[in-house]
Amino acid sequence: MTRTVADWMQQSGVAFGTSGARGLVTAMSDRVCHAYTLGFLGFLEEVGAWKPGSAVALAGDLRPSTPRILAACAAAIRDAGGEPVFCGFQPTPALAAWAFKRHIPSLMVTGSHIPDDRNGIKFYRPDGEILKEDEAGMARQIVDQSRRQWQADGSMIVHPSLPEPLDIVTEYVARYVDAFGARALAGRRICVYQHSAVGRDVLVQVLAGLGAEVLPVGRSDRFIPVDTEAVRPEDQALARQWAAELRCDAIASTDGDSDRPLLADAHGIWLRGDILGQLCARLLGADVVVTPVSSNSVVERMPEFSRVERTRIGSPHVIAAMNRTRADGMVVCGYEANGGFLLGSDVEIEGRTLKALPTRDAVLPIVAALVAAGSNGLAALVDDLPPGVTHSDRLPEFASARRDALMAWLDPGDAAEQAARFDEAFAAIAGASLASVNLIDGVRMHFSNGRVIHLRGSGNAPELRCYTEAETPAVAETISRAALALVAARFPG
């Protein structure tokens with residue numbers, strides 16, 4: 001019996017999110033993952049980007065379910081006539097950079113920052129991420145799974161082993177050491193919060209290769225869902241503790257698949273991801289900056305950039321806009337509110353070339369901010385930016401029915417009714433009347449005092465995201481808490 005990927009998507013509930021396919025581990029059976037991989041390769045063959053007999057690279061993060069899913073994906077590559085090239089358990093951007101250089105497709109098994117009861121697969125064409133229009137092409141592919149025998153629960157009867165992993169880390173580390181120089185961070189003392197990030201040892205290698213004294217801390221054998229947009233209170237407390245006890249200049253970390261950065265200053269205060277993106281873009285001499293609507297508005301007030309483009313949330317949207325704005329001689333880059341940085345053009349750093357890497361990367365913004373800070377420190381670097389801070393938080397276990405009800409209430413279709421609802425519900429929280437509304441992705445409310453409340457259903461997990469912007473961190477956090485409390489009360493689970 002043959003089915004399309006869309007059939008499997010509907011049956012399993014494993015759907016495309018903001019970056020690849022995501023779902024509950026219990027829903028991501030061997031057969032579902034096998035079908036998605038066949039659909040991916042079938043689509044690439046259809047558009048002339050891959051053919052049977054060719055290689056496909058794959059890697060994964062450190063979730064307990066990842067090895068099983070990798071084996072199912074490798075089996076699908078073989079069944080499509082391809083050759084799986086296993087790159088081990090390594091960062092998503094390291095896999096992407098290695099595969100792009102060799103012009104081969106790749107896939108990464110990861111759930112990124114979300115809890116390990118969920119997982120996902122990120123797909124890469126030979127020249128970049130699968131974009132939103134490509135997902136439709138994958139979904140309509142008819143997949144033939146008759147080469148395998150399947151249990152009733154969707155598991156493979158014969159579970160093949162993965163090939164021996166190749167070394168992709170050496171090239172990835174050299175990418176940054178060669179571009180910035182082996183003395184770029186000499187004299188700095190940097191803690192690396194390792195937790196369960198797949199790139200925890202790679203980040204140590206990069207920072208040490210740049211001359212820093214590196215102190216690994218917080219390594220965990222249990223998966224920890226570190227979210228770079230909504231940093232857990234315990235991670236905030238740990239950073240302050242390490243800063244005080246170890247007297248480090250900075251604390252660096254990443255999310256689970258190491259494509260989103262976390263960086264704290266010498267006081268243990270984590271920098272916002274969009275601030276990191278702005279610092280990185282400025283150091284690289286970017287002409288055009290592309291960023292989602294959820295990032296703060298400081299970037300529009302930075303004179304170094306000739307153009308700022310806003311998009312929907314998700315790296316595919318940022319990449320599509322970078323592709324549209326790229327021009328000869330211009331440096332184009334993008335970043336997200338989670339800190340993931342996308343380099344759309346080659347750049348020169350003191351006569352050394354850093355090649356483009358148009359997918360989320362955690363190492364580049366960490367290194368760029370540390371280099372830019374110099375001996376003055378990160379806090380002084382951030383203080384030099386135009387004013388304006390953001391905060392983000394979430395309501396977990398916010399099911400799709402609640403999200404749909406909320407969005408229908410937020411966007412009733414009548415502008416006057418919408419404005420009245422917003423003023424009645426949110427004006428008191430923001431401390432001013434509504435000025436404008438942006439519906440690019442979710443509902444982003446701008447108030448007359450410059451404050452912002454942005455509500456959006458997550459594309460990766462059953463969560464409601466809230467992004468706020470205000471004049472101080474405390475005010476932004478207070479607004480966020482009040483907005484989420486209002487939503488929770490009005491739309492109870």
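Predicted model: local features only at pLDDT ≥ 70, side-chain atom pairs only at ≥ 80, totals over all residues.
Helices and strands here are DSSP runs numbered from the N terminus (helices H or I, at least four residues; strands E, at least two). On the H2 side, Tyr36, Gly39, Phe40 and Phe43 take part, and they meet Asp134, Gly137 and Met138 of H5. By class, this contact of H2 with H5 has four nonpolar residues, two polar and one charged. Nonpolar here takes in Ala, Val, Leu, Ile, Met, Phe, Trp, Tyr, Cys and Pro; charged takes in Asp, Glu, Lys and Arg; the others, Gly among them, are polar.

Next comes the pair H6 (residues 169–180) and H7 (residues 200–209), whose axes come within 9 Å and cross at roughly 35°. H6, too, makes a right-handed crossing as it passes H7. Val169, Tyr172, Val173, Tyr176 and Val177 of H6 meet Val202, Gln205, Val206 and Gly209 of H7, where contact means heavy atoms within 4.5 Å. This set splits into seven nonpolar and two polar residues, with no charged ones.

H7 has its own buried residues: Arg200, Val202, Leu203, Val204, Val206 and Leu207. Buried stands for under 20% relative accessible area, exposed for over 50%, and partly exposed for anything in between (1.4 Å probe, protein chains only). The cover over these H7 residues includes H6, strands S10 (189–195), S11 (213–219) and S12 (250–254), and helix H11 (363–373). After H7 comes Gly211, with a positive phi near 100°.

Positive phi also turns up away from glycine. Most residues other than glycine have a negative phi. His195, in strand S10, has a positive phi of about 30° and is buried, at 0% relative accessible area. Arg247 has a phi near 50° and sits in the loop between helix H8 (233–246) and S12; at 69% relative accessibility, Arg247 counts as exposed.

Helix H11, part of the cover over H7, holds Val371. Val371 is partly exposed, at 26% relative accessibility. Val371 and Leu185 are 186 residues apart along the chain, yet their C-alpha atoms are separated by 6.6 Å. Beyond neighbours within four places in sequence, Val371 touches Phe180, Ala184, Leu185, Arg188 and Leu283.

Further along, H14 (residues 415–430) and H15 (residues 473–490) pack at about 155°, their axes 9 Å apart, and are therefore roughly antiparallel. H14 passes H15 in a right-handed crossing. Glu424, Ala425, Phe426 and Ile429 of H14 make the contact with Ile479, Ala482, Ala483, Leu486 and Arg490 of H15. Seven of these residues are nonpolar, none polar and two charged.

Phe426 has another partner in Met445 of strand S23 (residues 443–447). The two lie 19 residues apart in sequence and 8.9 Å apart, C-alpha to C-alpha. Met445 is buried, at 0% relative accessibility, and its other contacts outside four places in sequence include Phe422, Leu434, Ile453 and Leu455.

Finally, the cysteines. A disulfide is a covalent bond between the sulfur atoms of two cysteines, and the cut-off used is a pair of cysteine sulfur atoms within 2.5 Å. The structure holds zero disulfides. Cys33 has its nearest cysteine sulfur, that of Cys73, 5.4 Å away, and Cys33 is buried at 1% relative accessibility. For Cys191, the closest cysteine sulfur is in Cys248, at 3.4 Å, too far for a bond; Cys191 is buried as well, with a relative accessible area of 0%.

Notes
Residues numbered from 1 in each chain as written. Heavy atoms only, no water. Axes fitted to C-alpha atoms, helices over the stretch in contact; angles between N-to-C directions. Left-handed = near helix turned anticlockwise from the far one by under 90°. Parallel < 35°, antiparallel > 145°, perpendicular 65-115°, else oblique.
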